[in-house]
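Subject: Structure for your files, with notes

Hello,

Here is the structure I said I would pass on. Please look it over before reading my notes.

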Amino acid sequence: MKIEITEEASKWYQDACDLKPGDGIRFYGKVYGKTMVHEGFSIAFRKEKPIKPESSTVVDGITYFITDNDTWFFARYDLEVQYDPKTDGPDYIFKSNE
């Protein structure tokens, strides 16, 4: 599973979460909602220091990552995070990696 963050999405996270280089954003699945590939679960994030990420990428000095506890949610998919100006927030796109 690969994580891609667009520059626009990275800027949104930096502003919304008061991030600075060295900080991290952890993505994980949570109960309720849906994604383009999950029913009953949605994607969530929180500001957190990256410790032993299972998958990660760094944009503007910020580490965006998934831990081994959340591989079930992202299994068989790569995650692309874009900025959606209509909602002024992130748009999560799951791409099959099989």
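The notes below go from the overall fold to single residues.

Please keep in mind that this is a predicted model.

Overall layout

The protein chain holds two helices and seven strands. Along the sequence, these elements follow the pattern β-α-β-β-β-β-α-β-β. Of the 98 residues in the protein chain, 43% are buried. Among contacts with a separation of 6 or more, 55% are between residues 24 or more positions apart.

Three strands make up an open sheet with mixed pairing, and their order is 1-6-7. Strand 1 (3-5) and strand 7 (89-96) are the edge strands, each pairing on one side only. On average, and with direction ignored, neighbouring strands of this sheet are turned by 20° against each other.

The two pairings are as follows. Strand 1 runs parallel to strand 6 (residues 77-84), with three bridges between them. Within this pairing, I3 has L79 as its bridge partner, and I5 has V81. Strand 6 and strand 7 are antiparallel and are joined by eight bridges. One of the bridge pairs here is D84 with G89. The hairpin of strand 6 and strand 7 has four residues between the strands, and D88 in this hairpin has a positive phi near 50°.

Helix 1

Helix 1 (residues 7-17) packs on the sheet described above, where it touches strand 1, strand 6 and strand 7. The direction of helix 1 makes about 70° with that of strand 6. The buried residues in helix 1 include A9, S10, W12, Y13, Q14 and C17. After helix 1 comes D18, with a positive phi near 50°.

The nonpolar core

The largest nonpolar core has 21 residues, and the ones that touch the most other members are Y13, F27 and Y64. Two or more residues each come from strand 1, helix 1, strand 2 (24-34), strand 5 (62-66), helix 2 (71-74), strand 6 and strand 7. Helix 1 gives the largest share, four residues.

Y64 is worth a look on screen. Leaving out residues up to four places away in sequence, Y64 touches I3, I5, S10, Y13, L19, I25, F27, S55, S56, T57 and V59.

Aromatic residues

There are nine aromatic pairs in the model. What is the geometry of the pair formed by Y13 and F45? The ring centres of Y13 and F45 are 5.0 Å apart and the planes stand at 90°, so this pair is edge-to-face. Y13 lies in helix 1 and F45 in strand 3 (residues 39-47), so far as sequence goes 32 residues apart, and the pair links distant parts of the chain. Y13 has 0% relative accessibility and therefore counts as buried, the cut-off being under 20%. F45 has a relative accessible area of 26% and is partly exposed.

Y13 and F45 also belong to one aromatic cluster, together with W12, F27, Y64 and Y92. Elsewhere, R46 lies over the face of Y28, at 5.1 Å from the ring centre.

E54 and T67

E54 is in the loop between strand 3 and strand 4 (55-59), and T67 is in the loop between strand 5 and helix 2. E54 and T67 are 13 residues apart along the chain, and their C-alpha atoms are separated by 4.9 Å.

T67 is buried, with a relative accessible area of 8%.

Their contacts, leaving aside neighbours up to four places away in sequence, are these. E54 is in contact with M1, I66, T67, D68 and T71. T67 touches R26 and E54.

Regards

Conventions:
Residues are numbered from 1 along each chain as its sequence is written. This is a predicted model: local features need pLDDT of at least 70, side-chain atom pairs count only at pLDDT 80 or more; totals for chains, interfaces and linings use all residues. Side-chain values use heavy atoms; hydrogens and water are left out. Two strands pair if DSSP finds at least two bridges between them. Axes are lines fitted to C-alpha atoms, for helices over the stretch in contact, and angles run from 0 to 180 degrees between N-to-C directions. Contact means heavy atoms within 4.5 Å. A nonpolar core is a set of buried Ala, Val, Leu, Ile, Met, Phe, Trp, Tyr and Cys residues joined through side-chain atoms within 4.5 Å. Buried means under 20% relative accessible area, exposed over 50%, partly exposed in between (1.4 Å probe, protein chains only). Rings of Phe, Tyr and Trp (its six-membered ring) pair if their centres lie within 6.5 Å; planes under 30 degrees apart count as stacked, over 60 as edge-to-face and the rest as tilted. A charge sits over a ring if NZ of Lys or CZ of Arg is within 6 Å of the ring centre and within 35 degrees of the ring normal.
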